[in-house]
Amino acid sequence: MLRSMYSGITGLRNFQDQLDVVANNIANVNTIGFKGSRTTFQSTLFQTLAAGNAPQDLLGGINPMQIGLGSKIASIDKLMTQGSPMSTGKTTDMMIQGEGFFILSDGVGQYYTRAGNFTRDYNGFFVDPASGMKLQGWTARLTPDGQRIVDTNDPIGDIQISSGQVMPAKQTSFVKLAHNLNAGVGIQDTTIVIKSTLGENIPVRFSFERDLNNLNQNVYLWEAKILDTNYNFSNLDG
């Protein structure tokens with residue numbers, strides 16, 4: 001009787017620990033970057049009253065007689081699943097899609113976090129408002145031809161963005177169009193509006209036609225024409 005009470009007590013204690021983990025998950029429902037936990041259990045020990053026997057002659061084997069002595073917590077695991085993205089209205093807030101961590105530095109060591117609620121200090125450095133640590137990363141640099149590149153082979157450093165920093169406007173030189181063609185209704189023209197260098201709205205009509213050289217690959221040629229002008233350009237790669 002006393003042994004059964006002790007076994008039941010182990011289950012109650014483990015259930016209390018599980019409730020503590022669940023309560024902590026609920027309490028941190030609004031904590032930025034928080035990852036919930038789960039509790040798993042396992043048997044503690046088994047007391048063997050009679051050993052098992054292997055099959056002999058015409059008799060089959062028998063299992064041992066064992067009495068379980070309760071349970072215990074096997075592990076408390078972190079659930080590192082992707083959180084739901086949401087708009088905060090603050091331009092310095094960020095999130096990581098998939099695996100990975102933000103790297104923070106206090107000038108001596110580096111620390112990792114999933115919380116992306118950053119702000120900029122007086123000098124333009126991205127900092128964690130809770131600890132004051134600076135966000136680490138790569139800064140884009142200018143190439144001799146005027147392009148900005150990020151070299152991930154460079155060492156990381158403090159990310160700094162000046163509030164007065166501006167980038168000159170650059171004329172669009174490449175347009176990529178993705179379009180689904182509905183075979184049930186046939187090929188239809190598509191019109192989009194683009195802005196010229198003078199700020200004028202220019203309608204561009206795209207027309208599609210079947211490439212007879214690729215009948216088994218469903219490849220279409222498309223041609224784009226600027227309406228009301230004689231200028232046109234074509235993409236013959238499909």
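Okay, hi everyone. Before anything else, keep in mind that this is a predicted model. Let me start with the overall picture. The protein chain has one helix and 16 strands. It runs to 238 residues, and 16% of those count as buried. The accessible surface of the protein chain is about 18,600 Å², with 53% of that belonging to carbon and sulfur atoms. On contacts, if you take residues at least 6 apart in sequence, 39% of the contacts join residues at least 24 apart.

Now, the aromatics. How many aromatic pairs does a search of the whole structure find? Two. For F101 and Y112, the ring centres are 6.4 Å apart and the planes are at 75°, so we call that pair edge-to-face. If you're wondering about the cut-offs, centres have to lie within 6.5 Å, and planes over 60 degrees apart count as edge-to-face. F101 sits in the loop between β4, residues 71-78, and β5, residues 102-105, while Y112 is in strand β6, residues 110-113, so this pair ties together parts that are 11 residues apart in sequence. As for cover, F101 is partly exposed, at 44% relative accessible area, and Y112 is exposed, at 56%.

On to F102 and F118. Here the ring centres are 5.1 Å apart with the planes at 85°, so this pair is edge-to-face too. F102 is in strand β5 and F118 is in the loop between β6 and β7, residues 119-120, so to speak a link between distant parts of the chain, 16 residues apart.

As a bit of background, nonpolar side chains tend to be buried together in soluble globular proteins. In this model, the largest nonpolar core has seven residues, and F102 and F118 are among them.

Not counting residues up to four places away in sequence, T113 touches F101, F102 and L104. A polar atom of the T113 side chain also lies 3.0 Å from the backbone nitrogen of A115. And one more ring to point out: K134 lies over the face of F125, at 4.0 Å from the ring centre.

Next, the helix end of things. I26 is in helix α1, and at 57% relative accessibility it counts as exposed. I26 and G36 are 10 residues apart in sequence, with their C-alpha atoms 8.7 Å apart in space. N28 is in the loop between α1, residues 2-27, and β1, residues 37-43. N28 is buried, with a relative accessible area of 19%; the cut-off for buried is under 20%. What does the side chain of N28 make a polar contact with? The side chain of T31, at 2.9 Å. There's also the backbone oxygen of N24, which lies 2.8 Å from a polar atom of the N28 side chain.

Last stop, the loop between β2 and β3. D57 is in that loop, and D57 is exposed, at 83% relative accessible area. Most residues other than glycine have a negative phi. D57 is not a glycine, yet its phi is positive, about 50°. G61 is in this loop too, between β2, residues 46-50, and β3, residues 65-68. G61 is partly exposed, at 46%, and it touches N53, A54 and P55, not counting residues up to four places away in sequence.

That's my tour. Happy to take questions.

Note on methods: Residues numbered from 1 in each chain as written. Predicted model: local features only at pLDDT ≥ 70, side-chain atom pairs only at ≥ 80, totals over all residues. Heavy atoms only, no water. Phe/Tyr/Trp six-rings, centres within 6.5 Å; stacked < 30°, edge-to-face > 60°. Helix = DSSP H or I, 4+ residues; strand = E, 2+ residues; numbered from the N terminus. Buried < 20%, exposed > 50% of the residue type's maximum accessible area, 1.4 Å probe, protein only. Lys NZ or Arg CZ within 6 Å of the ring centre and 35° of its normal. Contact = heavy atoms within 4.5 Å. Areas by Shrake-Rupley, 256 points an atom, 1.4 Å probe, with all protein chains shown as cover. Core = buried A, V, L, I, M, F, W, Y, C linked by side-chain atoms within 4.5 Å. Polar contact = N/O pair within 3.5 Å; in protein donor to acceptor, adjacent residues only side chain to side chain.
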